Amino acid sequence: MSTVEKPSAARFVGARVQRREDPRLLSGHGQYIDDVRLPGMLHATFVRSPLARARIVAIDLEHALAVPGVVAIWDGSALNGDAATPLWDWAGEGTPFPEVRALAEGDVRFAGDPVAIVIARDRYVAEDAAELVDVEYEPLQAVVGRELAEASTGRAHDGIDTNVAWSAASPTDPALEAAFAASAHVITETFRQQRHVNVPMEPRGLVAHWERGAEQLTVYASSQNPHQDREYFARVMGLPEHHVRVIMRDVGGGFGQKIFRTREETAVALASRRLGRPVKWIEDRQENLMAANHARDEQMTLRVGVDADGVITAIHASHLADVGAYPLMPAMMPGFMALEVLPGPYRFARYGWAGKSVFTNTSGISAYRGPWMMETVAREIMMDVVAREIGVDPAEIRRRNVIQTEDLPYTTPTGREYDRISPAQTLEAALEEIGYERFREEQARARAEGRYLGLGISTYIEPTAGAQGPTGIEAATVRVEPSGKVNVLMGTGSHGHSLETTMVQVVADQLGVPIEDVRLLQGDTAVSPYGGGTAGSRSAVIAGGVARISAIKLREKVLELAGHLLEAAAADLEIEDGTITVKGSPGSSIAFADVARIAYYDPSRLPEGMEPGLESTSRYSAPPATYANSTQVCTCEVDVATGEVRLLDYVVGEDCGVMINPMVVEGQIAGGVAQGIGGALLEHLAYDETGNPLAITFKDYLLPTTEDVPDIRYVHVETPSNTPGGHKGVGEGGAIGAPAAIVNAVADALAPLGVRVTSQPLSPDRVLAMIDDARSA
Amino acid sequence: MRLEDEFAVAAPIQEVYATILDVERVTGCVPGAELLGNDGDVHNVGIRVKVGPISMQYRGDVEIVERDEAAHTAKMRVKGREVRGQGTVEATAQLRLSEDGSTTRGAIEVEVALSGRAASMGQGAIQDVSSKLVGRFARNLARMLEADGAAAAGAAGAAGAPAGEPLSSDPAAAAAQVEREVRDEDENAISGREIVGAVVRGRLSSPLVSAGLAGVTLGLLGFLLGRRAG
């Protein structure tokens, strides 16, 4: 519950500690990419294809190069050879992948495809010159639309003679078909989710600085992942990894769009190396909406077998994703992840799946806060469809299927092993908080008055802290400096989610020092040890875990040294508020800062064999996944005259294990819910049939405002995980659960009119159209 | 994107027909348009479109692909691109003139393929403005024809002349005058109200209902220039 807890000096974890980064950010002193100004810095912009698919016939740079202040203009044929080809490759057996190059070469594959990079003394000159680059195109048939791509006679890519990027299915299962045959009801429905954009407040951008003498590339990146960026630039530019430094300061959001560096960012780094000067590129909003990576754009067909009691006995899911031209993740990812996670919080005994991804001539797909969340969208809307069909209350049908504590440990049909989860508890907690029974009475009264109120439920399990490959481990160096102040060096990549506060809470607790005495340094590969950055809701579990491990190790050394100095056993000491005291002997104490000073400056006073200094580095390899669970419940009123959907009340019941900072947890959920509201009601990066993006300004790409987002109430259930500290991830859950809850609320409101809601966004015109369709049916 | 529109001019069909074929004159009736050169049936044209804060300049070729003077129909193809920027436009325009008493009616069908900013950002506005553009063209055309009539009769102030500053009796000066007025009107009128309306509607409607203003104008221009009889 949202009570304000005052942190005691000894326990910061669990307290609503104010964010350490806020004074800087809220006073305008954040350091974003555009705040980076280096001597001699040049500015880049891109010439982009206006066409979705075309052959490049000729590129004439003459007029553009004549603009005073232009330093260089390169097209793909001039620049791409400086980098490895492809820049990234996720091709596999039966899963083709295009040859990704920094700039288009020979042909263009989506509207916004970068064709040339213009470098000039300032951005104004660069933009003016870019307009004068004369590119002659021969239009080709564009592949647009996920449901049309496979059968299209066009090809999204040269050299790949199919638009199917990935296709797979579970083995035929006679037991599944038998379960369907034995079901009292079999219900099939298709759910669609439109194309979204992550829309970070700070678009993409970087400053690349090639230092000729040092043969070193320094990149200021707007990233989630500085160490993987370092590896990327080293690899594609043929540089030794220790000659690349990536610095990530404040980042105005990423939500998955900034996990990996992209083609444009690569071109800027290549340009800097050619020129031996720093080059800055800041993406503008139109470019971000048009050419930064997109998300969602998928559909899922569910076939569900239900017994007479509303228990689901068989389920089959079929997923289709449009991954665009150059996806920033393997083409299988959105589908495979969604299908694999789909069983979610329920005991689905029999499950089968099929998935397909298609290339189209649109901007490529990237991760976006819960990139597998179509499973929750489809499953949770389907739960309500089934409930209505067989006449069971939507809360009740979930109760009959949800995994109960006595079912644990539980292994899903796809092999996920749940242990410390509480989906039944978060479901009940959220229903109670919103006042489920009371709302049903209110809804009945409203209907009698001709008003349409609805309630929607969305229950899910969020796999967090997926730990494998480059994101498998996290490291923390905890260093007590000679004055007793503490620096924590980590490879995290906070892009706005409070790690400067939460990691410090963890370390300050273990070292027993005031929170002001601890500071997190992150995001600079020259300073911090290797870490996997931020993605997949991993920071609390893996980074929080290793911060704790490393701090505990250092605490042991501090106590050993203090015990030696106080002539007491380390086990008899306690540290509180920067003072180390012999338990029960308040007179026998030493300041934490004095211990630090002695550790560095007075080695003769150290115990025999103790290394001088106070520093500890630990690395932690987390389990493959740590599961959080949640239920979102919201209520709404639909105005059937205008089609407006107004959210009335919103409750999130969440179990993310031990909370480091409930305020930060709630902030993560709130942001995700707001994004989910945008997806459910407003946002749509539409393309026309020829591949023109139709929402490249905020006039057309509609984001939720404070008008659209209600106050959100939270109910916390804390089931500790089995990782150090007991934390679970919480970064993506808000966005995962919200769309289905909202769609269900609208469908519930309009159920008396016979409206069935299976797609988004529920903009007023679409709501009115659905009502008209139902009335004329 | 396909657009259809109609206009009416109170003048005999042959006169409307002949006037429309006079490229130098009729160009001035198309808001923001300018004729840059001719090469037989291919006309090099420029056009400026200003919608609110967004200004776009196109240059391209208009080619007559079909012409039937007896049936008063014609078809032409337009291919152009932004003078500053990367947007392109391709359009096919078809016109059919018909007689209705003393009035000549024109039906225009334009099939436009746009790319770039106009394709992405012209949406919303186009629905409101395309008919207005056609209407404005027809009004300008009528004023020019009526000025012709007045000039031929050697008298000013022909009955039924539309409101506004009297046009010069010199056809060339009249055309220039119309062009000036049209440009002024274009830059002022297609600005405030339509854009506000589009923004308000933008929050209420799906962005899929879309089109581009510049393309329609070019298509209209393409149709008109294509009427030139070789």
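Student: Is I259(A) buried or exposed?
Tutor: In this predicted model, I259(A) is buried, because 24 other C-beta atoms lie within 10 Å and 20 or more is the cut-off for that label.

Student: Where does I259(A) lie?
Tutor: I259(A) is in a loop of chain A, between strand 11 (244-247) and helix 7 (263-275).

Student: And what does I259(A) touch, leaving out residues up to four places away in sequence?
Tutor: I259(A) touches Q224(A), N225(A), A367(A) and A535(A).

Student: How many Å separate the C-alpha atoms of I259(A) and V664(A)?
Tutor: They are separated by 21 Å. Along the chain, I259(A) and V664(A) are 405 residues apart.

Student: V664(A) again: which residues does T501(A) touch?
Tutor: Not counting residues up to four places away in sequence, T501(A) touches V664(A) and N661(A), along with V17(A), R19(A), R20(A) and E21(A).

Student: Where is T501(A) found, and is T501(A) buried or exposed?
Tutor: T501(A) is found in helix 14 of chain A, residues 499-511. T501(A) is buried, with 22 other C-beta atoms within 10 Å.

Student: How many residues apart in sequence are T501(A) and D22(A)?
Tutor: T501(A) and D22(A) are 479 residues apart in sequence, but their C-alpha atoms are 9.7 Å apart in space.

Student: On to helices. At what angle do helix 17 and helix 18 of chain A cross?
Tutor: Helix 17 (residues 662-681) and helix 18 (residues 733-750) of chain A cross at roughly 40°, and their axes come within 7 Å. That makes helix 17 of chain A oblique to helix 18 of chain A. The crossing of these two helices is right-handed.

Student: Which residues of helix 17 and helix 18 of chain A meet?
Tutor: Helix 17 of chain A contributes residues including G671(A), G672(A), G676(A) and G679(A), and helix 18 of chain A contributes residues including G733(A), G734(A), G737(A) and P739(A). By class, the contact of helix 17 with helix 18 of chain A has 11 nonpolar, nine polar and no charged residues.

Student: What about helix 10 and helix 11 of chain A, how many Å apart are their axes?
Tutor: The axes of helix 10 (residues 374-390) and helix 11 (residues 394-401) of chain A are 9 Å apart, and the helices pack at an angle of about 110°. Helix 10 and helix 11 of chain A are therefore roughly perpendicular to each other. Helix 10 of chain A passes helix 11 of chain A in a right-handed crossing.

Student: Which residues meet there?
Tutor: M383(A), D384(A), V386(A) and A387(A) of helix 10 meet P394(A), I397(A) and R398(A) of helix 11 in chain A. That contact has five nonpolar, no polar and two charged residues.

Student: Zooming out, how many helices and strands are in chain A?
Tutor: Chain A has 19 helices and 28 strands. Of its 777 residues, 57% are buried. The radius of gyration of chain A is 28 Å, which agrees with the value near 28 Å for a compact globule of 777 residues.

Student: And how many helices and strands does chain B have?
Tutor: Chain B has seven helices and seven strands. From the N terminus, the elements run β-α-α-β-β-β-β-β-β-α-α-α-α-α. Buried residues are 47% of the 230 residues of chain B.

Conventions: Residues are numbered from 1 along each chain as its sequence is written. Chains are lettered from A and ligands numbered from 1 in the order in which they are written. This is a predicted model: local features need pLDDT of at least 70, side-chain atom pairs count only at pLDDT 80 or more; totals for chains, interfaces and linings use all residues. Axes are lines fitted to C-alpha atoms, for helices over the stretch in contact, and angles run from 0 to 180 degrees between N-to-C directions. Helices (H or I, at least four residues) and strands (E, at least two) are DSSP runs, numbered from the N terminus. Angles under 35 degrees count as roughly parallel, over 145 as roughly antiparallel, 65 to 115 as roughly perpendicular and the rest as oblique. A crossing is left-handed if the near helix is turned anticlockwise from the far one by less than a right angle, and right-handed if clockwise. Two residues are in contact if their C-beta atoms, placed from the backbone, lie within 7 Å. Ala, Val, Leu, Ile, Met, Phe, Trp, Tyr, Cys and Pro count as nonpolar, Asp, Glu, Lys and Arg as charged, and the others, Gly among them, as polar. The radius of gyration is taken over C-alpha atoms; the globule rule is 2.2 Å times the number of residues to the power 0.38. A residue is buried if 20 or more other C-beta atoms lie within 10 Å of its own, exposed if 12 or fewer, and partly exposed in between; C-beta atoms are placed from the backbone.
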